[in-house]
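Please examine the model shown here before turning to the report.

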Amino acid sequence: MNAAPTDQRPDLPSDPSPLFRPVTRHQLPRAVAEFLASPHLLPVPVPTEDRADLAHSVELAGRLYGRLRHPHPLDVGIVLGAARLPEGIAELARPLARTWVPEEELADLPAFQERHSGSLLLVGRYDRLTLDPVRALLLATYRGRRHGLTLLSGRDDASVGWNVAKQYAEPALDIDALGLFTDTDRPPRLPGVQVFDDRDFEQEDIQARILGTRWRRVAFQGHGKDDSVNLGEFTICGLNGSAPAVPGLLGPRCAYGLPCYKPEDKLVPLNRVEAVELVLSACNSGPLADLALYDPKYQLLLNALDGPARTVVSAVSVHDSDRPENVAWMHGALVGADSVDTLNSSLAGSHPYPAFMRFGLPGAPEDTPPPPAPADHRPDPLLLTVGTRLTAYLASELLPHNHPLRPRLTKLARKVDLWVARPTHLADQSPDQIRASLTADLQSLDHVITEQVAANPEHELMNYPAHFGDRSSLDPNVREVTCHCGRPAQEFTRRGLLPHVLDTTCAVCMRCGDVTFQLPDAPALLAHAADEVDQGGVLEVRALVSAARTGPVRLGLFVPSYLREDTTVEPATTRLRLTGGQEEEVAFRVRFAPETAPQAYYFTVFAVQDLAVSTARRHFGVVPRSA
């Protein structure tokens with residue numbers, strides 16, 4: 001085929017006559033030539049000879065489409081099995097691509113890719129859509145091109161002709177209904193989208209709802225096979241009663257005279273759904289010809305292509321579509337985004353392959369928002385850090401089973417588990433919303449921990465260095481540091497031996513002993529003060545804190561229990577917003593009673609951020625008050 005003519009595509013004027021013209025196989029070549037010569041005057045020819053089901057689909061299409069259009073051509077087109085297609089079908093497809101190349105070029109795919117770039121259109125009967133060459137083309141165009149691969153196909157020559165013809169039709173202006181029917185999710189109900197889930201399936205006549213609405217786009221999401229999608233007791237059915245069965249091919253129960261595995265009065269024949277676009281979001285809803293389990297007579301994809309839908313989106317294999325894809329599809333449908341690009345982008349963080357294929361031309365670039373960036377399902381690093389700490393606190397017996405913190409930590413752990421996992425149940429929340437919710441929970445818990453430690457320094461959390469250290473091994477990498485007393489010290493890390501045992505880092509000075517303790521990615525602390533203070537005097541303390549991340553950090557200071565009655569700490573706790581990695585100074589005062597016994601003491605400064613407690617201990621002495 002030669003290059004298609006002009007890329008200009010002004011809308012054609014409305015015509016009160018039918019948009020599609022049923023013709024015989026013999027009439028098709030001349031009818032196509034006449035249509036292409038005067039497309040704004042004549043309806044699109046459709047070969048419906050001996051195909052009563054296609055004739056009925058043409059009638060349904062008359063209710064969906066309001067006028068003809070010049071389709072926006074793709075960059076490169078290939079007809080698979082051109083010699084076997086009747087004259088007229090390839091010619092009708094010619095305006096759908098700018099350049100057409102022979103099928104033989106696909107034999108050397110690397111060379112083909114060097115010669116041709118951009119979007120690619122394959123036209124051919126379903127029996128030509130096989131693993132080779134479609135798989136290689138699908139993978140080669142995945143993520144690399146916008147609208148990478150598009151197909152036009154059908155169970156036989158007439159179905160191929162019908163699907164090519166539909167590309168010239170423009171939806172009527174009043175066809176604007178968007179619908180999502182899902183059996184595995186309870187997604188948010190976005191304004192502008194009719195959403196039905198398992199609760200609705202028990203209360204409404206879903207069959208009547210589907211068949212009684214003219215849809216701009218409708219998606220069916222749930223479990224199924226290549227012949228059905230389950231929607232509770234209702235079933236989207238792929239059986240085409242007009243299509244002949246192929247002897248020797250496997251079929252579902254009904255192929256052998258058995259009743260359907262679902263109530264037959266609740267079957268929804270897919271080729272009778274009045275929709276401009278159908279999305280079949282079930283595994284294997286559109287397998288390639290040599291991968292299909294069932295006879296084409298029963299296949300969802302082929303039954304959808306036989307219907308009035310101009311575009312059919314199906315899954316070539318298995319995939320993990322759930323709420324993220326449902327939400328992404330709904331948002332995309334509201335703004336006219338391409339369904340295949342949207343769904344594959346959402347799944348890109350989970351699958352290295354494209355799950356969905358497009359049957360029917362995508363919209364023009366100027367009419368279609370660009371697809372979202374491929375999803376990256378790696379969670380916020382803060383979620384991983386917090387989840388690790390929660391697991392350690394709850395699973396390691398650091399906190400007794402009846403500790404008052406456990407209920408709140410357990411509740412947060414459940415939320416983090418949902419957020420860290422692929423966000424199936426919370427995909428209606430953006431990453432910013434999830435982080436905001438997490439940080440709000442953390443700030444509340446950090447406040448509780450700070451107040452509890454200040455009131456009771458023997459708090460179980462404060463025993464984490466010994467608890468985790470006893471279940472750890474020494475990392476041989478020891479670092480030389482300077483103690484806050486000015487003498488050399490050694491900083492080392494103990495590595496947890498079990499998944500629920502956290503690493504701990506400690507600095508030890510030969511004079512001061514174990515000076516600091518912290519967990520990975522927790523605030524770093526040092527405490528400076530005079531070596532001595534008079535009875536009845538005030539010890540000025542400077543705590544140097546470096547936050548692990550930008551955000552609020554809570555700090556406090558406490559003295560040993562035997563000294564608490566003789567001292568007042570100002571402030572007992574404080575809250576600062578710090579810049580991650582930047583050291584800042586915090587001041588405390590410890591006031592001593594005149595009767596405080598002279599001797600050596602110590603104080604401990606602690607910092608709490610994101611459930612992690614860091615400590616710095618400093619020795620000092622109380623001396624008799626000067627006369």
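The report covers the basis of the model, its nonpolar cores and its strand pairing.

## Basis

This is a predicted model, in which local features need pLDDT of at least 70 and side-chain atom pairs count only at pLDDT 80 or more, while totals for chains, interfaces and linings use all residues. Residues are numbered from 1 along each chain as its sequence is written, and side-chain values use heavy atoms, with hydrogens and water left out.

## Nonpolar cores

A nonpolar core is a set of buried Ala, Val, Leu, Ile, Met, Phe, Trp, Tyr and Cys residues joined through side-chain atoms within 4.5 Å; buried means under 20% relative accessible area (1.4 Å probe, protein chains only). The largest nonpolar core has 47 residues, and Phe181, Phe220 and Val273 have the most contacts inside it. Helix H9 (residues 300–306) supplies the largest share of this core, five residues. Another core, of 39 residues, lies apart from it and includes Phe20, Val44, Leu54 and Ile89.

Beyond its neighbours within four places in sequence, Phe220 is in contact (heavy atoms within 4.5 Å) with residues including Phe181, Ile210, Val273 and Ala282.

## Strand pairing

Helices (H or I, at least four residues) and strands (E, at least two) are DSSP runs, numbered from the N terminus; two strands pair if DSSP finds at least two bridges between them. Strand S11 (residues 215–221) has six of its seven residues buried. Six bridges join S11 in parallel to strand S9 (residues 177–182), and six join S11 in parallel to strand S16 (residues 275–281). Arg217 stands opposite Glu277 in S16.

An open sheet with mixed pairing has the order S12-S13-S14-S15. Its edge strands are S12 (224–225) and S15 (267–269). Strands S13 (residues 228–231) and S14 (residues 234–237) are antiparallel over four bridges, with Ser228 opposite Cys237 in S14.

Key. Buried < 20%, exposed > 50% of the residue type's maximum accessible area, 1.4 Å probe, protein only.
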